[in-house]
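Hi there,

Here is the structure I promised to pass on to you. Have a look at it first, and then read on for my notes on what turned up in it.

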Amino acid sequence: MTGPGGSGAEDLGAAAQPGAGEVTATVIVDAPAERVFAALTAWERQSEWIPFTTVRVVEGDGGEGSLIEAVTAIGPAALRDEMRVVRVDAPYEVGVVHCGRLLRGPGVLRCTPMDRDRTQVVWHEWFHLPGGTAGRVAWPVLWPGSKVSLTQALKKFGRLVEQGRLP
């Protein structure tokens, strides 16, 4: 199966292997896991809490097998991220594989139910670093910004869920 990014099935398998660039962010949301999971997988609504990013479902219904596209644009610069949804275990976990030309690697969004109807959300991704040695050298410089940005986005997500504005 080949998507718009030219990612065939064998190419998806290569992209699914963890890369050296790793980013993790966590937030605790005062809402039940079912509601939090529904909000996380309302893909096109991610545009409301991920800065400068527009998200859309390109193929499928947003569930397993779907292709999701996220375009982050700041001024004239734009980064296109294509993700194939490879696993859905509602309301606990969704797995994706970034399968675009630049961003490649697996990711997982986990919702862990806690007491008092709270949910811990963990967003974890392992990117293949572009640019060979240059990419590996640049990653430690880029990584803190990625982690801070993702953490801030998840905090905004949590607030929107708690306020009943998501899903």
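**What I found**

Let me start with the surface: the protein has an accessible surface of about 8500 Å², and carbon and sulfur atoms account for 57% of that. Please keep in mind that this is a predicted model, and that the values below are computed from it.

**Overall make-up**

The chain has 167 residues, 43% of which are buried. Its secondary structure consists of 3 helices and 7 strands. If you look at the contacts with a separation of 6 or more, 53% of them are between residues 24 or more positions apart.

**The sheet**

The 7 strands form an open sheet, arranged as β1-β7-β6-β5-β4-β3-β2, with antiparallel pairing. At the edges stand β1 (21–29) and β2 (53–59); each has a single partner strand, so one side of each has no neighbour in the sheet. On average, neighbouring strands are turned by 20° against each other, direction ignored.

- β3 (residues 67–74) and β4 (residues 77–89) run antiparallel and are joined by 8 bridges. T72 has L79 in β4 as its bridge partner, and A70 is partnered by D81 in β4. The hairpin of these two strands has 2 residues between them, and G75 takes a positive phi near 60° there.
- β4 and β5 are antiparallel as well, with 6 bridges between them. V85 has V96 in β5 as its bridge partner, and the hairpin that joins β4 to β5 passes through 3 residues.
- β5 and β6 run antiparallel and share 7 bridges. H98 stands opposite G105 in β6, and 4 residues lie between the two strands in their hairpin.
- β6 and β7 pair in the antiparallel sense over 8 bridges. The bridge partner of V108 is H124 in β7. In this hairpin, with 3 residues between the strands, R116 takes a positive phi near 55°.

**Helix α2 and the cores**

What lies across the sheet strands β1, β4, β5, β6 and β7? Helix α2 (residues 33–40) does, and it runs at about 155° to β6.

In soluble globular proteins, nonpolar side chains tend to be buried together. Here the largest nonpolar core has 30 residues, and W49, V121 and F157 are those with the most contacts inside it. The elements giving two or more residues to this core are β1, α2, β3, β4, β5, β6, β7 and α3 (132–162). Helix α3 contributes the largest share, with 6 residues.

Leaving aside residues up to four places away in sequence, F157 touches V29, V36, A39, L40, W49, V121 and L166. Another core, of 5 residues, lies apart from the largest one, and L12, A15, V97 and C99 are among its members.

**A buried arginine**

Is R104 buried or exposed? R104 belongs to strand β6 (residues 104–114), and its relative accessible area is 16%; that is under the 20% cut-off, so R104 counts as buried. Which backbone oxygens lie by a polar atom of the R104 side chain? One is the backbone oxygen of C99, at 3.4 Å from a polar atom of that side chain. Another is the backbone oxygen of G100, at 3.1 Å from a polar atom of the R104 side chain.

When you open the model, you could begin with F157 and its contacts, which include W49 and V121, and then turn to R104 in β6.

Best wishes

Terms used:
Residues numbered from 1 in each chain as written. Predicted model: local features only at pLDDT ≥ 70, side-chain atom pairs only at ≥ 80, totals over all residues. Heavy atoms only, no water. Buried < 20%, exposed > 50% of the residue type's maximum accessible area, 1.4 Å probe, protein only. Contact = heavy atoms within 4.5 Å. Areas by Shrake-Rupley, 256 points an atom, 1.4 Å probe, with all protein chains shown as cover. Polar contact = N/O pair within 3.5 Å; in protein donor to acceptor, adjacent residues only side chain to side chain. Pairing = 2+ DSSP bridges. Axes fitted to C-alpha atoms, helices over the stretch in contact; angles between N-to-C directions. Core = buried A, V, L, I, M, F, W, Y, C linked by side-chain atoms within 4.5 Å.
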